[in-house]
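Colleague: Could you take a close look at one chain of this model for me, and tell me how it is built and how it meets its partner?

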Amino acid sequence: MKQKEQSPTFKSDIKEGVVSASPVVIGYLPVAIAFGLLAKNTGISFGDTSFFSILVYAGASQFMALDLINAGVSAGSIILATFLLNLRHLMMSASISIKLENIKKIYIPLISYGITDETFSVLSFKEGKLTLPYVLTVNVLSNLSWISGTIIGYLVGEIIPAALQSSLSIGLYAMFAALLFPNLKGNRNILILSAMSALIYAIIYMTRIFSSGWDIIIGIVLSSALGVMIFDKGEEVEKN
Amino acid sequence: MALVTYIPRLIPLMFLTNKSLSPKVKQFLQFIPLTSLSILIVGGILTSSKEMILPTFAGIALAGLISYFKSNLVLSVFTAILASFLIINIF
C-alpha cells in the first residue's frame with residue numbers, strides 16, 4: 001500500500017494559505033451576503049440560492065443571472081451570457097497552469113473549481129511554484145466564505161448596514177491593488193504594461209464595442225499580447 | 001450554468017499544466033495576471049454607481065500606495081476598507 005508522502009512544508013503551506021486567503025475571505029462575505037439577499041428578493045428558494053453559489057461559484061455572473069431572471073430572459077440566453085462573462089477564467093487557468101508544475105494531475109479538476117478573479121490574483125502573485133496544500137487552502141477558504149456569505153445574506157441580510165457592506169466589498173478591489181502595486185516597483189516594463197492595459201480596457205469599455213464579459217477578455221488578451229510584442233523575450237517578468 | 005463556468009477553468013489546467021511552452025507563449029501567460037489585475041481594478045471603478053466612485057477609488061489608491069511602500073497585504077486592505085467606510089459615511 002502506498003504511503004502518502006507529506007511534503008515537509010505541509011504545515012507552513014497551509015498557514016501561508018490562510019494568510020493569503022484572508023483578504024478574499026473578508027471581501028467575499030459582503031458580496032456573497034448581498035447576493036443571498038438579492039436572490040431572496042428575486043424569489044429564488046433558499047435551496048436554489050445555495051446551490052447557485054456552490055455549483056457556479058463566480059460572483060459577477062451570479063448577479064448577472066439574477067438580473068436576467070428578473071427580466072424574464074430565457075434559460076438558454078442566461079447560460080450563454082454566463083459562459084461569456086466567465087470565459088476570462090479560461091485565460092486565468094491557462095496562466096496559473098505554469099505555476100502548478102509540482103502538483104499531481106489528478107488534483108487539477110479540484111483546483112479548477114476554485115479559480116475566480118480573486119483566488120487567481122492571490123495564486124498568481126505568490127512567488128515560486130504553488131504547492132497543493134497552499135492552493136487548496138486558498139481555494140477552500142475562499143469558497144466557504146462565498147457560500148456562507150450567500151446563506152447568511154439570504155437568511156438575515158437585511159440587518160447588515162449598507163455602508164459596512166459596501167466598504168467590505170471595496171476590500172476586494174483593494175486586494176487587487178495591494179497585489180499589483182508592489183510589483184510595479186523597480187520594473188519599468190511592468191509599470192508600462194499595467195498602465196497600458198488599464199488604458200486599453202478603459203477605451204474598450206467607453207466605446208462599448210464589446211458586451212460585458214468580452215470586453216474584459218479582449219482587454220486582457222490584447223494588452224498581454226501587446227506586451228509580448230513590445231518587450232524583449234529576455235525580460236524577467238516573475239521570479240519563478 | 002455550473003458547467004459553462006467550470007469547464008473553461010478546467011480545460012486549460014488539464015492540458016497546459018506540466019507542458020513546456022515556447023518562451024513567447026509563456027511570457028504571454030505570465031503577463032495575464034498583471035494585465036487582468038489592472039483591468040479588473042479599472043473595471044471596478046468604471047462600473048461603480050455614482051456615489052461609490054469616490055470610496056472605491058480612494059480605497060484602491062490607498063491600498064496601492066500602502067502596499068507599494070509597505071508590502072503588507074492585510075494592512076493595505078484593512079486601511080482601504082476603513083477609509084472607504086469613513087468616506088461613505090461622511091459624504
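**A close look at chain B**

Modeller: Gladly! Among the contacts in chain B between residues at least 6 apart in sequence, 35% join residues at least 24 apart; two residues are in contact if their C-beta atoms, placed from the backbone, lie within 7 Å. Please keep in mind that this is a predicted model, where local features need pLDDT of at least 70 and side-chain atom pairs count only at pLDDT 80 or more, while totals for chains, interfaces and linings use all residues. Residues are numbered from 1 along each chain as its sequence is written, and chains are lettered from A and ligands numbered from 1 in the order in which they are written.

Chain B has four helices and zero strands, in the order α-α-α-α from the N terminus (DSSP runs numbered from the N terminus: H or I of at least four residues for helices, E of at least two for strands). Its radius of gyration, 18 Å, is well over the 12 Å that the globule rule gives for 91 residues, so chain B is more spread out than a compact globule. That radius is taken over C-alpha atoms, and the rule is 2.2 Å times the number of residues to the power 0.38. The C-alpha trace spans about 50 × 35 × 20 Å along its principal axes.

Now for the partner. The contact takes 56 residues from chain B and 74 residues from chain A. On the chain B side, α1 (2-16), α2 (23-46), α3 (53-70) and α4 (73-90) each give two or more residues, and α2(B) gives the most, with 22 residues. That side divides into 35 nonpolar, 18 polar and three charged residues (Ala, Val, Leu, Ile, Met, Phe, Trp, Tyr, Cys and Pro count as nonpolar, Asp, Glu, Lys and Arg as charged, and the others, Gly among them, as polar).

One residue worth a visit is Ala63(B). Leaving aside neighbours within four places in sequence, Ala63(B) is in contact with Ala174(A), Ala177(A) and Ala178(A), and also with Ser76(B), Val77(B) and Ala80(B).

For contrast, look at Ile90(B), in helix α4 of chain B. Ile90(B) is exposed, with 7 other C-beta atoms within 10 Å, whereas 49% of the 91 residues of chain B count as buried (buried if 20 or more other C-beta atoms, placed from the backbone, lie within 10 Å of a residue's own, exposed if 12 or fewer, partly exposed in between). The C-alpha atoms of Ile90(B) and Ser67(B), 23 residues apart along the chain, are separated by 25 Å.
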